[in-house]
Amino acid sequence: MADFLLELLSEEIPARMQEKASADLARLFTEELAKAGLTPDGITSYVTPRRLALIAHGLPVETAAVSEELKGPKASAPPQALEGFLRKTGLTREQLVERDGTLFAVIEKPGRATAAVLAEAIPAIVRNFPWPKSMRWGTASLSTAALRWVRPLQGIVALLGEEIVPFEIDGVASGAATVGHRFHHPGIITIGSAADYAGKLRACHVIVDHAERRDIIRARAAELAAGQGMTVIPDEGLVAENAGLTEWPVPLLGHFDPAFLEVPREVIQLTLRTNQKYFVLNDAEGKLAPAFICTANISARDGGAAIVAGNGKVLAARLSDAKFFWEQDLKVPLDDYLPKLEAMLFYEGMGTLREKADRIAALAAWIAQAYFPERDPETARRAGLLAKADLATAMVGEFPELQGVMGGYYAEKRGEKPGTVSALKQQYVAAVEGCIPACVALADRIDTLVAFFARGIKPTGSKDPFALRRAALQTIQTILVNGTRMNLLATIEQAKTGLGASGLDSAELLDFFADRLKVQQREAGVRHDLIDAVFALGGEDDLVRLLARVKALQAFVETEDGANLLAGYKRAANILRKEGGVPEGASATPDYQPEVAESALIAALDAAEPKAAAAVEAEDFAGAMAALATLRGPIDAFFDQVIVNDSSSSKRNTRLALLEKIRVAVHNVADFSNIEG
């Protein structure tokens, strides 16, 4: 048994691709070896900005010999069939084995050297590696047959035990040589075996374990911050990115001019994190500190002072730009940016952003008036009008991620009402809270959905380029988080009026919301079939009420009474379906002496049906379920003791009408035919 080491050395691999590439290499390697019957005891994966590596532990030096048996034609088959089988197997008729009148080819495959298997497998893996983006390089790149890799491939280490596995890929030969850290040890290193790979590279200032580099960055950054009474704002994504940019990570702490703190916190955080890959710090009071932590890739002789100074200069230049944008944008009120929206297209055929702003304003005011009567609709109108204004500011032009956030700051500085400020700041979050913010967010998203659906632009399969599913989901979240008693259908109709989209089938969009609601509620443990059962009744577009009914229904059907009532309902529905429904003119009131169980069911239905209907009307859904629960015993007794298909047509028709009455009573609450089970 021996360990196999593979290292693929290249120019810098983008940090965002490294961890997936490492997992892909291990997966593809395992799959390729499995084809030859080889299974390592385990695989250890490594990735750095310059190298993908793995160690396959415990590989045999040879594969096992195998005997393969192929079933052939019948011994009595025509000669043509036999000839084809012989060509396929490369055997003669005399070499075939006959069993029970059928011919078999037994092919013995001797074992192979594992090194030979690896020499074939690795080039195949490299040539078919699934990089999201790759390139060709050098003179060979003129040919489409040239190797594609994420960045130019520079070296391959392939060692089985202490022996090199010989192969070549596009002129790069395998060997035992690699390089250390680009600056600390750029020279050649010879690896002896898998056992000394990580240790030798560590001695040359390369930590090959991505997780270890993350731990170093996280721990040292926290230590540096604590040393000056500050804390690092947790950011695991940034930790991973810094680990993907360095082979020898050295976190360093620097400061910037406190005057930049006049700029909104989000702008500074975005500049530090996104543009510079720096960690953001809080002071002891939890406020943003004028400091940053960057991660160097070397151990500098001056302790990193020059690196910090250089990074500080770059950061100061970016923060100066941000401060300039902030001050320029503040010179005029948000209203002054509205004319610029007239030159910005919302979407082809759907008007400009200014027209979108006017629609949001009108619909937000309508929603406020209809569903938040205690609020001033003019505040909603104002917030809706200004919602997109910051898209025309210099700051959002430079940092698109800050749309909405900056509008809120500019509105606040200009003395807009708190509701307007909050609406602008929240408009892009998933679940918007508060009356005026909810009006604006709902108006924006419903307008978008109606606009796209009206033009036949809808999500298909996994494709949703305009994030319409997310818009519907966020509409639902906003309605539910605020408990807004909104008639969704009426709001869609109002949005259609604003857009002049009279041709849109509103029911189709309502179904789209129903599908999103099922997805959204799945995580909360709400059954999708129960949502279907309530939607199937029709006319229910108040999501708050709908969910209350669904939750009460779920609690009921999961009890013994509920399960038995559901079984009784389905039995009644099946009989009605088989019999073609209730004969015309039939009544559930018997004109004969009913049997005891029959009388009991009639009495129970007469009592339960109005109670259930009244409870639903009062939105007392638990009460409605309790009324239905009283039917369980009488229905069970009816089916046990009464024959529906009586030889007397009068009795048969009356009993079918009685079954229909059960169905109607249950449908006061939900369409039980949609409930599974």
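Predicted model: local features only at pLDDT ≥ 70, side-chain atom pairs only at ≥ 80, totals over all residues.
Strand β6 takes part in two antiparallel pairings. Strand β4 spans residues 66-74 and β6 spans residues 102-109. These two strands pair in the antiparallel sense over seven bridges. Within this pairing, S67 has E108 of β6 as its bridge partner. Strand β5, residues 97-99, also pairs with β6 in the antiparallel sense, here over three bridges. V97 stands opposite F104 in β6.

An open sheet is formed by four strands in the order β13-β15-β16-β14. Its pairing is antiparallel. The edge strands are β13 (231-232) and β14 (250-255), each of which pairs on one side only. Strand β13 is joined to β15 (residues 279-282) by two bridges.

Helix α7, residues 265-275, lies across β15 and β16 (288-296). Its direction makes an angle of about 10 degrees with β16. Helix α8, residues 305-329, lies across β14 and β16. The angle between α8 and β16 is about 125 degrees.

Nonpolar packing was examined next. The largest nonpolar core contains 140 residues. Within this core, M395, L553 and L659 touch the most other members. Helix α15 (residues 435-454) gives the most to this core, with 13 residues. The contacts of L553 include L530, A533, V534 and M625. L553 also touches V669, A670, F672 and I675. Residues up to four places away in sequence are not counted here. A second, separate core has 37 residues, among them A2, L59, V117 and F167. In soluble globular proteins, nonpolar side chains tend to be buried together.

D209 lies between α4 (197-203) and α5 (210-227). Its side chain reaches the backbone nitrogen of A211 at 2.9 Å. D209 is classed as partly exposed because its relative accessible area is 30%, between the limits of 20% and 50%. D209 and S45 are 164 residues apart in sequence. In space, their C-alpha atoms are 8.0 Å apart.

Technical notes: Residues numbered from 1 in each chain as written. Heavy atoms only, no water. Buried < 20%, exposed > 50% of the residue type's maximum accessible area, 1.4 Å probe, protein only. Polar contact = N/O pair within 3.5 Å; in protein donor to acceptor, adjacent residues only side chain to side chain. Pairing = 2+ DSSP bridges. Core = buried A, V, L, I, M, F, W, Y, C linked by side-chain atoms within 4.5 Å. Contact = heavy atoms within 4.5 Å. Axes fitted to C-alpha atoms, helices over the stretch in contact; angles between N-to-C directions.
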